[in-house]
Amino acid sequence: MLLSTIVFLPIIFAFVVLVWPQAKTIRHIAFILSLLEFLISLIVLNKFDSGTAQLQLVEKQMWIERFGIQYFLGIDGISLWLVLLTTFLTPIIILASWNSIDKKLKGFHVAMFVLQSAMLGTFLAMDAVFFYVFWELSLIPMYFMIGIWGGSRRIYATIKFFIFTMAGSVLMLIAIIYLMYLTQQSSGQMSASLLEFYKVRIPFVGGSILNLQSLLFFAFALAFAIKVPVWPVHTWLPDAHVEAPTPGSVILAGVMLKMGTYGFLRWVIPLFPDAAEYWAWVFLVLGVIGIIYGALVAMVQPDIKKLVAYSSVSHMGYIIVGLFVFNEYGITGGLYQMLNHGVSTGALFLLIGMIYERTHSREISKYGGLAGVLPIFTIFFFIITLSSIAVPMTNGFIGEFLILLGLHQAKPIYAYFAVSGVVFGASYMLWMFKRVFFGEKGELVKDIHHPLKDLSLREISILTPLVILVFWMGLFPNQFLDYSKASVKHLVTNKNRYYLQIEDIKSGNLKQIENK
Amino acid sequence: MKIDIGMADIIRTSPMIAIFLASLIPLTSKLFNNNKEPSNLITLIEGIGGLIVGLVLLAVFGGSGETAFNKVLVFDSISFWMGIIAISSAGTAIIMMYENPATNGNQFSELVFLALNSVVGMLILVSALDLLTVFIGLELMSLSLYLMIGMSHEEKLSKEASFKYFVLGSFASAIFLYGTSFIYGTTGSTNVGLLMQDAMGLVQTNRLFLFGISLVILGFCFKISIAPFHAWTPDVYQGAPTPHTAFMATAVKVVSFAALLRVVATKSLAASDGLFMVLQWLAVITMLVGNLGAIVQTNLKRMLAYSSIAHSGYILVGVITAGVSDAGFFGASSVVFYLFSYCVMTLGTFAIVSILEKSDDDIITIDNLKGLAHKKPIHAFCFSLFLISLAGLPPALGFFGKFYLFNAAIGEGLIWLAIWGVINSVISVFYYLKPIVLMYMTEGESDIAGHSLNATTVTVLASAAFIAVLGVLSGPLFSAVEKSFIN
């Protein structure tokens, strides 16, 4: 029941918020509830056995019997940290929305909780149709979040976001249904369960895209690539980020983009191992282009938020190349980088939101000399900047290092290009930092009539846990990586026999499959 | 030919008889009351009561697979499920007629009389096993509708709608009848059950038979607004009073699809690849025309009309699947399920439109919806839910409708149709999101006051509840439908 609780409790919270009579205390109650959700997710961490790659805390129940669609939840080393990231960021986001969201509070918190539920469901669902339901459900609250509480061009951005991501995922639905028919062919029983999918041997012929495995591979990959977003289908992201309110940006960068990379890891690579290996170059090339392109475009942005949005394109490019080298370093690095990006980019968007609340501008050129005026803010911003450009001892370093190591081991050529992203990354972040915090005071900072106030206690308490994580993850990565080690190892060595073996060792029919 | 009518025939047709008798009550009471209109509420209760009796009788005696009146009517799963959906939709539409300003004038008893007779026509249509019975059912249903649309109020648009519908509907009937004559000429029979046994050979060898069956299908294409025979739909849907539009978009469409399903979905026509290829392309074109047409509309009802054309395209995919199916009645079940979900969503949507209309000639544009979320939060929420469901987003009921439909298509190897279907779902998101954007995301006061229609609001809430709950519990319902087909 634990995973069901984790997934559906936020929906119940949404109802609680909806019927909560006092408008004044909605924020407080929502914060407490989200904290409660985080504590429950810690129980999952506590119960998690890091020694095995097996799915844990499994809950299975027939849902739509006619098609073998199951209510199927499970967790392993790949989804564990993403679940915790989601539950960890939610209270922070609710706390951060305190000042930035001032209208339709009820609606905001309802959307927030529904979104949390949908994201957790995406990470925990092990049945394809069940997964798809959560995957699409997550669009609706995000759509409202950008559309109602966003900036001036919010409607354009929200519709673009919706259409782009939905257009990507519909082909995945066709592919899922097709896979269900394949399970029927191979075992006589239709099923949408991930474990049954793994058992299907999908024909693959190299050299052409027109073979079953490649087609299914691309149908899935397109959906996830748009979500990540991989260059060149990234264009919805900067618009969505710039127009979204701070909490929306944080959740988008912090968690939602990871749904895409998680999808690659959970569905695409293990389900279509031959196609993934054959077409890996496509994603390596696109990933590297994303790294460099994102960094270069970020460099010339006049708007801080847009700069961070494009830096996301660059950072997510790293994760993609990490996943597509199929070795332990690369995938571990990719997984770690997902968390890092959630923490540090989430924190950057929070910081930008804080300064925006004070000045109502995000234009870099209007700032300058902020360091002298807002020292605490500057320190926080500096630490997060370091994490974002992957300075050793911060979390970002571990992730990027592992990815580049894995990439170098498998495909050195790509590593030479990808490493340039590190340099570009450092330059655009530091250049931005210099322009905003040092030098002559800009017009917004100079205004003596309305002197800028430094961070409040609430704001410090929002950022502190993130900063702690930056160092914790940077200094003791093994404390995190140990949980996913077994799963990643299993994924790399067994590819699509990932769970199959474990399941079948239990039931004793491994031999039979080997013989096939 | 010896015609013997037994008690069994009467019992099997008892739903139609009951509804027909019920339809006479309001008129008779008006007659005995010196031609003075009785209270609308009493008329409504009489009408709904008649429908409920019909529904119960159908539930008790229907679905047995037996025939009546010398095999011109059959009471199988198609007539059972489609009949239930049609009666329920008609009942909901009548409730809306009771409250809508355009239709609750001094002729409500006549309106209920016509609506109930239209339902009788529908029940004949869903059960008809003979092309001539199909024609009788079709005409009884349509003639009642022409009158209903035309008499309801003095608005010019509705007269135009009635006339257009009449002319094009008659045109369709004529084509249908023409096709029937060809079929009779080549086979010597108009009994669908009999001629479908021979159809497999005939479509390949006999051009005249193929011509006849094509014309019959074409006649249906008019009724269910398959492009390019859809042109009347937006005008008629827009011009007719909203409850009538709801009636046409749900009950009429369901039964027309039922009759088409009976002709196409026997696998006997599958021998004609050409015919099925044409139907597949018609489905694709219909989806595209409906969705692209809806994007450019500014009038809310017109937009919904185009969206209903698009939905006809989706359903046609299911009908085609049922036609080529080897695997039992999967395709037909998915059509029934889709129609069920479609009716729930569409009735809810039109109920909202009905609530927003101030007077009988009020035209609601999409821009009128601005800021509705402030003024009517519950209605705005339900409306959004309906639109999300119509767009086919999970976990709403509409998603599962599409899921089963495309699942059936993929199961039959019609993957390209399924891909067209999902691409169209994405296109449809453009216009389904627009009202939501305007209701929730734009500032500015909505200038539609609307009014409080109690029963209609109940309809809205019930539809919303259906969509939310049945989305999660769709499995058992689908299994029940499919099981009834297999037995």
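Predicted model: local features only at pLDDT ≥ 70, side-chain atom pairs only at ≥ 80, totals over all residues.
Residues are numbered from 1 along each chain as its sequence is written, and chains are lettered from A in the order in which they are written. Local features need pLDDT of at least 70 and side-chain atom pairs count only at pLDDT 80 or more, while totals for chains, interfaces and linings use all residues; side-chain values use heavy atoms, with hydrogens and water left out.

**Chain A as a whole**

Chain A holds 24 helices and 2 strands, where helices (H or I, at least four residues) and strands (E, at least two) are DSSP runs numbered from the N terminus. Along the principal axes, the C-alpha atoms of chain A fill a box of roughly 80 × 60 × 40 Å.

Of the 516 residues in chain A, 66% are buried. Buried means under 20% relative accessible area, exposed means over 50%, and partly exposed lies in between (1.4 Å probe, protein chains only). Contacts, defined by heavy atoms within 4.5 Å, can also be sorted by distance along the sequence. Among the contacts in chain A with a separation of 6 or more, 79% join residues 24 or more positions apart.

**The interface between chains A and B**

The size of an interface is often given as the accessible area lost when the parts come together. Chain A and chain B bury about 3,200 Å² between them, and 81% of this area is on carbon and sulfur atoms. Buried area here is the accessible area (1.4 Å probe) that two parts lose on being put together, summed over both. In chain A, the residues that lose the most area to chain B are A:Arg66, A:Ile163 and A:Ile174, together 17% of what that side buries.

In terms of contacts, 33 residues of chain A meet 38 residues of chain B. There are 6 residue pairs in polar contact between the two chains, both residues being at pLDDT 80 or more. A polar contact is a pair of N or O atoms within 3.5 Å; within protein, one must be able to donate a hydrogen and the other to accept it, and residues adjacent in sequence count only if both atoms are side-chain atoms.

The elements giving two or more residues to the side of chain A that touches chain B are β1 (56–64), α5 (128–137), α6 (139–149) and α7 (154–187) of chain A. The largest share, 16 residues, comes from α7(A). By class, this side has 26 nonpolar, 2 polar and 5 charged residues. Ala, Val, Leu, Ile, Met, Phe, Trp, Tyr, Cys and Pro count as nonpolar, Asp, Glu, Lys and Arg as charged, and the others, Gly among them, as polar.

**Salt bridges**

A salt bridge is a side-chain nitrogen of Lys or Arg within 4 Å of a carboxyl oxygen of Asp or Glu.

| Pair | Distance, N to O |
|---|---|
| A:Arg66 and B:Glu482 | 2.3 Å |
| B:Arg12 and B:Glu66 | 2.4 Å |
| B:Lys30 and B:Glu110 | 2.8 Å |
| B:Asp76 and B:Arg262 | 2.8 Å |

In the salt bridge of B:Asp76 and B:Arg262, B:Asp76 sits in the loop between β2 (73–75) and α4 (77–99) of chain B and B:Arg262 in helix α11 (residues 242–264), so that parts 186 residues apart are linked. B:Arg262 is buried, at 8% relative accessible area. Salt bridges that share partners join B:Glu160, B:Lys164, B:Asp235 and B:Arg302 into one network.

A:Ser314 lies in helix α14 (residues 304–323) of chain A and is buried at 2% relative accessibility. Leaving out residues up to four places away in sequence, A:Ser314 touches A:Gly290, A:Ile291, A:Gly294, A:Ala295 and A:Tyr428. The C-alpha atoms of A:Ser314 and A:Gly290 are separated by 5.4 Å, although the two are 24 residues apart along the chain.

B:Ser308 belongs to helix α13 (residues 300–324) of chain B and is buried at 3% relative accessibility. Beyond its neighbours within four places in sequence, B:Ser308 is in contact with B:Thr233, B:Tyr237, B:Lys253 and B:Tyr342.
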